[in-house]
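Me: I have a model open and want to learn to read its features. Can you take me through them one at a time?

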Amino acid sequence: MDTAPALRAVGQMRPGDHLFHGYETDEEREAVLTAFLLDGLACGHRGLLLTPHQEPPDLAGRLRCQGHEIAGALADHRLRVSALPGTDSGPGGLGELVCREAESAVSDGLLGLRVVLDASPRPQARAAGGLRDAEKLLDPVLQVLPVLGLCQYDRRAFGPRELTELDSLHTGGAVADDVWQDELLRITRTFTPPGLAFSGEVDDSNLIAVARALRAETERAARRPERRHRTRLDLGELTFIDVCALRLLVFTALGLHALGGGMVLDGAAPQVRRVLHVTGWDRVPGLVMGRERGGA
């Protein structure tokens, strides 16, 4: 029986991993790309972004928008941006390029290479068949050299059958790192719609972590002009949340309302909805009660 490739957070990747990341929003692409490259810098790896565009993207500007300064890493070549090999180089051109870059990184005293293949759309886009051939020849390189590969595909630019075929050429799928995880609580980012998902229990032992996650999400929401600073919290897998944490959600919603947006609470348990109703918190500006637990 066929099984779906395992999903792995980018922060858990190891040399030899060749992961597929199909994204549906630019925010999701940037979140995974940023985590992958910054983790590499912390681990002593060189980062290489391979893009289909002949003009290099402003990687420093893109990461600066998320609060990260990488000008120094670009200046000393710990991060590099390069165009994908053209079709005239044949499918093996990608593997040969990665092999050269990996050997160069090691000779420069770095511990390995992190490669991002950006398969975003472009005018005269590379055909999916050419990408499949290149991916097949890339995998052996990752198995013998200290290389981690992350291949990002825009789901809006490829058909379902193409994506399934491309996904099958990888050792697993990449997802964004957890925002927080302890023995009681897991917080993950969501992208369609944007927000946070909570699983487990929130009490005084992890309230500070929740506060930090909500503050960071508010900052991200403030950078989403197309979403009117709106964010969603998915509480569908939350088994307990104390009143202090609920108050924190309410104040976060008020802050988003002040920015012109708000917060949607999806999947809240019946007892949570009752507390919010009795206290009147479900009527504060900026807080919207979304679907009920178990609802569509």
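Me: Start with a strand. Which residues point one way from β6, and which the other way?

Reply: This is a predicted model, so keep that in mind throughout. V147, G149, C151 and Y153 point one way from β6. L148, L150, Q152 and D154 point the other way. Both sets are buried.

Me: Which strands pair with β6, and in what sense?

Reply: Look at bridges and direction. Strand β2, residues 18–23, pairs with β6 in the parallel sense over six bridges. Strand β5, residues 112–119, runs parallel to β6 and is joined to it by seven bridges.

Me: How do I read a nonpolar core?

Reply: In soluble globular proteins, nonpolar side chains tend to be buried together. Here the largest nonpolar core has 28 residues. F198, V202, L233, L235, I241, L249 and L265 touch the most other members. Several elements supply at least two residues each, among them β10 (194–202), β11 (230–241) and α8 (243–258). The largest share, six residues, comes from α8.

Me: Is that core on its own, or is there a second, separate core?

Reply: There is a second, separate core, of 23 residues. L97, V115, L142 and V147 are included in it. V147 also belongs to the β6 face that holds C151.

Me: What does F198 touch beyond its sequence neighbours?

Reply: Skip residues up to four places away. What remains is L185, R186, I187, V210, L233, D234, L235, E237 and L238.

Me: Now cysteines. How many disulfides does the structure hold?

Reply: A disulfide is a covalent bond between the sulfur atoms of two cysteines. So check sulfur distances against the 2.5 Å cut-off. The structure holds zero disulfides. For C43, the nearest cysteine sulfur is that of C151, 19 Å away.

Conventions: Residues are numbered from 1 along each chain as its sequence is written. This is a predicted model: local features need pLDDT of at least 70, side-chain atom pairs count only at pLDDT 80 or more; totals for chains, interfaces and linings use all residues. Side-chain values use heavy atoms; hydrogens and water are left out. A nonpolar core is a set of buried Ala, Val, Leu, Ile, Met, Phe, Trp, Tyr and Cys residues joined through side-chain atoms within 4.5 Å. Buried means under 20% relative accessible area, exposed over 50%, partly exposed in between (1.4 Å probe, protein chains only). Helices (H or I, at least four residues) and strands (E, at least two) are DSSP runs, numbered from the N terminus. Contact means heavy atoms within 4.5 Å. Two strands pair if DSSP finds at least two bridges between them.
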